[in-house]
Amino acid sequence: EYGRKNIPIQGSKRKVVCAIADYAINDIADYLIEKKNAEVAIVVNLKSGTVSFRKSKNCDVHVGKLASVLCDGGGHDYAAGGRINDKFLEFCKLFN
């Protein structure tokens with residue numbers, strides 16, 4: 001299950017693909033980037049209450065900063081994570 005939208009992130013519209021999964025998080029993120037052409041892949045784990053962010057090699061978004069803003073999380077330039085919270089749930093409305 002996934003959603004796909006062009007969403008403004010860090011100054012530009014980005015192709016963001018979001019999926020819900022509770023296992024193989026990295027594999028799913030890689031699939032979203034490679035097969036669904038996502039610039040930013042977001043994998044939400046409802047069981048653990050966590051959110052994982054990954055980005056494509058050609059994307060200049062710092063997903064660690066994105067996770068910090070959206071999910072009280074953090075991480076690296078290319079991979080990050082955080083917790084599902086009200087701010088993230090508000091962001092998810094952009095997929096509707």
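The dialogue below walks through several features of a predicted model.

Q: How many bridges join strand 1 to strand 2, and in which direction do the two run?
A: Strand 1 (residues 2-9) and strand 2 (residues 12-20) run antiparallel and are joined by 8 bridges.

Q: What lies between strand 1 and strand 2?
A: The two strands form a hairpin, with 2 residues between them. In the turn, Gln-10 has a positive phi of about 50 degrees.

Q: How many disulfides does a search of the whole structure find?
A: A disulfide is a covalent bond between the sulfur atoms of two cysteines. Here the search finds 0 disulfides. Cys-18 is in none, and the nearest cysteine sulfur, that of Cys-92, is 5.5 Å away.

Q: Is Cys-18 buried or exposed?
A: Cys-18 has a relative accessibility of 12%, so it counts as buried. Cys-92, with a relative accessible area of 22%, is partly exposed. The boundary for buried is under 20%.

Q: How many salt bridges are there?
A: The general idea is a side-chain nitrogen of Lys or Arg within 4 Å of a carboxyl oxygen of Asp or Glu. The count comes to 4 salt bridges. One of them joins Asp-22 and Lys-47, at 3.1 Å from N to O. Asp-22 is in the loop between strand 2 and helix 1 (25-35), and Lys-47 is in the loop between strand 3 (40-45) and strand 4, so this pair ties together parts that are 25 residues apart in sequence. Asp-22 is partly exposed at 34% relative accessibility, while Lys-47 is exposed at 71%.

Q: Which residue meets Lys-55 in a salt bridge?
A: The partner is Asp-77, again with 3.1 Å from N to O. Lys-55 lies in strand 4 and Asp-77 in the loop between strand 5 (74-75) and strand 6 (79-83), so the pair ties together parts that are 22 residues apart in sequence. Asp-77 is partly exposed, at 33%.

Q: What else surrounds Lys-55, and is this residue buried or exposed?
A: Lys-55 counts as buried, at 15% relative accessibility. A polar atom of its side chain lies 2.9 Å from the backbone oxygen of Cys-59. Leaving aside residues up to four places away in sequence, Lys-55 touches several others, among them Ile-33, Glu-39, Val-40 and Tyr-78.

How values were computed: Residues numbered from 1 in each chain as written. Predicted model: local features only at pLDDT ≥ 70, side-chain atom pairs only at ≥ 80, totals over all residues. Heavy atoms only, no water. Buried < 20%, exposed > 50% of the residue type's maximum accessible area, 1.4 Å probe, protein only. Polar contact = N/O pair within 3.5 Å; in protein donor to acceptor, adjacent residues only side chain to side chain. Contact = heavy atoms within 4.5 Å. Pairing = 2+ DSSP bridges. Helix = DSSP H or I, 4+ residues; strand = E, 2+ residues; numbered from the N terminus. Disulfide = S-S within 2.5 Å.
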